[in-house]
Amino acid sequence: MLRKTIYSMPIIILTIGAASAQTDGQELGDIKGGQTSFRTQLEKKNDRDIDSAYQSSFKRIPDAKQKNSDPWGDARSAPPVAGKDKQLRIVSGEKTVSCNADEVLVRVICSEGSPDGAGCSAGSPTGLCMHK
């Protein structure tokens, strides 16, 4: 057991020495003194100048405010445009509803009861007609 301890001590000492050699004493002194950044005032001013030039370059882009916020917009197909062919019209009646000859009855909604074809079993029907 003593032999293992004696052989392991140089390995531990060399490991601690290698780890402490990776840190600079100056840096440790600065951190202990409360300074968290090692950059000089000139470097900080240069960074601020670079940042302000970078931000001002966005103001010179003509369409910077009109940027499309949908990154997948080009991948999707465009939604169908509602034109004269797809116009909807609401119709109502007393017992039944009907659409014009160039329209199709899409939906019937009853104020009471359930729809029965183009009419309602009870209440007044309201329908939705769509152009063919």
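At 38% relative accessibility, F58 counts as partly exposed, a class that lies between buried (under 20% relative accessible area) and exposed (over 50%), as judged with a 1.4 Å probe and protein chains only. The structure is a predicted model, in which local features need pLDDT of at least 70 and side-chain atom pairs count only at pLDDT 80 or more, while totals for chains, interfaces and linings use all residues. Residues are numbered from 1 along each chain as its sequence is written, and side-chain values use heavy atoms, with hydrogens and water left out.

**Overall make-up**

- The protein has three helices and three strands, where helices (H or I, at least four residues) and strands (E, at least two) are DSSP runs numbered from the N terminus.
- Read from the N terminus, these elements follow the order α-α-α-β-β-β.
- Of the 132 residues in the protein, 8% are buried.

**The aromatic pair**

- A search of the whole structure finds one aromatic pair, a term for rings of Phe, Tyr and Trp (its six-membered ring) whose centres lie within 6.5 Å, with planes under 30 degrees apart counted as stacked, over 60 as edge-to-face and the rest as tilted.
- The ring centres of Y54 and F58 are 5.1 Å apart and their planes stand at 80°, so this pair is edge-to-face.
- Both Y54 and F58 belong to helix α3 (residues 41-59), where they are four residues apart, or about one turn of the helix.

**How the strands pair**

- Strand β1 (residues 88-92) pairs with β3 in the antiparallel sense over five bridges, and two strands are said to pair if DSSP finds at least two bridges between them.
- Within β3, G127 is the residue that stands opposite V91.
- Strands β2 and β3 also run antiparallel, joined by 10 bridges, and L105 has C129 in β3 as its bridge partner.
- A hairpin is formed by β2 and β3 with two residues between them, and G117 in the turn has a positive phi of about 70°.

**The nonpolar core**

- The largest nonpolar core consists of six residues, namely V91, V97, V108, C110, C120 and C129; such a core is a set of buried Ala, Val, Leu, Ile, Met, Phe, Trp, Tyr and Cys residues joined through side-chain atoms within 4.5 Å.
- At least two residues of this core come from each of β2 (103-116) and β3 (119-131).
- Leaving aside residues up to four places away in sequence, C120 touches K95, V108, I109, C110, S114, P115 and P125, where a contact means heavy atoms within 4.5 Å.
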